[in-house]
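Please look at the sequence and the structure before reading on.

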Amino acid sequence: MLQSAIKKKTSSSSSSSSVSMMPDWSRLPEELLHIISENVEDCFDIVHARSVSNSWRSTFSFPCTLRRQSYSLPSFANFPSESKDLCTLEKIPLFLFRVQTPPPASVSEYFLGGIGRDESEDLTELPSPLQCSVKVKIPGSDPTLMNMRDGQIFPLGHQYRISCDSKDYRTVAFLQLNQEGREEFIVLLGFGRFFLALRSSEMKWKLVMGFRTPSSDDIVTFRSRFYVTVRDTSMTMMYTFRIDPFSLRMTPLMPMKPVGSLKYLVPCGNDDELFMVEKFLCFSNVLDFCRLTCKVSRLQEETGIWVEVSDLGDRVLFIGRFGNVSCSAKELPDGCGVSGNSILFTNELDNGTYVYKYGVDTGREEDDINCWSFSGENRVTILSTSPVVSFRVEH
């Protein structure tokens, strides 16, 4: 997991004359410092400002968007039996971090995952100047500190995680409720073959409408409702349901076509749109990822019908371990290897993959171009999927 860390900066080998030419920002009058603090909005600009000196650090509060909100909830480990033990629900900010790599410029490296605060930073007296960095830990290697000034960071929303009985559960969603002037929340959890729900006013886990399913892959929120994907007993057919947060009633969404595909729900924007990406399975002796195709549909909330689309605009959909998120390609720099109207799966079994685009001409007459398939433009290599997704784009 990516962590925002403040570490002691190593002494510089620059000459004394060049050091004397550097402005000492820590000597700014307090009045000017407060004016600056009131006009800095970007959360990472605030973290950078906190790295200037101890006086700047005390003036700029750590940004709330990077704080991991947490809730203590009753344990569900032995459901339906009630327990006096507690579990922890944590809200984790998600970010896409692009590493500033040296030439060749035809390669871009990224990290995708949660980012948080090193809680020890407030317990240690750190001298000035300070370095603001991201700690990256990839299996098989030592932790690496990467200077945030040497990269670009893009917010991707957040995900929720429940830690219970020494296990982490990621198939979970959190919804804030405003009912009769009271602020409440409800949590929906995929636990084994059940959906469990907990309302803050009751602090008790309940079975959702007695529904039992072999597997639930996605739980997302969209316009104050829950949406889930459910596999049937054959494990090859998946369906989508909408769950009302008050009655906990499950409503199937149309159309209900039993096709052999995996379904992924991707909310976009601030409750702007909800997409469903279907990856069609190829039941042959040899699994060829280059021949896999996808279909993308957008939900019409009023009718509950999924409408197929061929254009995502400037969006890039990331689908994988840390939930399914979207990013505007306009926010990404030119030449980074990731373009709009595309889908990138970060959970492919094969380390070498490509983004999916609509209407790709594969050169094979038997292939349908009216679908989403490998573009073949920029090769993507998945370097690691835990604890963060690390991937390289060749362009």
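The sections below treat the model, its nonpolar core, its aromatic rings and its cysteines.

## The model

This is a predicted model, in which local features need pLDDT of at least 70, side-chain atom pairs count only at pLDDT 80 or more, and totals for chains, interfaces and linings use all residues. Residues are numbered from 1 along each chain as its sequence is written, and side-chain values use heavy atoms, with hydrogens and water left out.

## The nonpolar core

A nonpolar core is a set of buried Ala, Val, Leu, Ile, Met, Phe, Trp, Tyr and Cys residues joined through side-chain atoms within 4.5 Å. Buried means under 20% relative accessible area, exposed over 50%, and partly exposed in between (1.4 Å probe, protein chains only).

The largest core has 22 residues, of which Leu-96, Leu-112, Phe-318, Val-338 and Phe-391 touch the most other members. Strand S26 (389-394) is among the strands that each supply at least two of its residues; strands are DSSP runs (E, at least two residues), numbered from the N terminus.

## Aromatic rings

Rings of Phe, Tyr and Trp (its six-membered ring) pair if their centres lie within 6.5 Å; planes under 30 degrees apart count as stacked, over 60 as edge-to-face and the rest as tilted. The count comes to 17 aromatic pairs. Tyr-71 and Phe-174 are stacked, because their ring centres are 5.2 Å apart and their planes lie at 25 degrees.

## Cysteines

With a disulfide defined as two cysteine sulfur atoms within 2.5 Å, the count is zero. The sulfur of Cys-164 is 4.6 Å from the closest cysteine sulfur, in Cys-87, which is too far for a bond.

Conventions. Helices (H or I, at least four residues) and strands (E, at least two) are DSSP runs, numbered from the N terminus.
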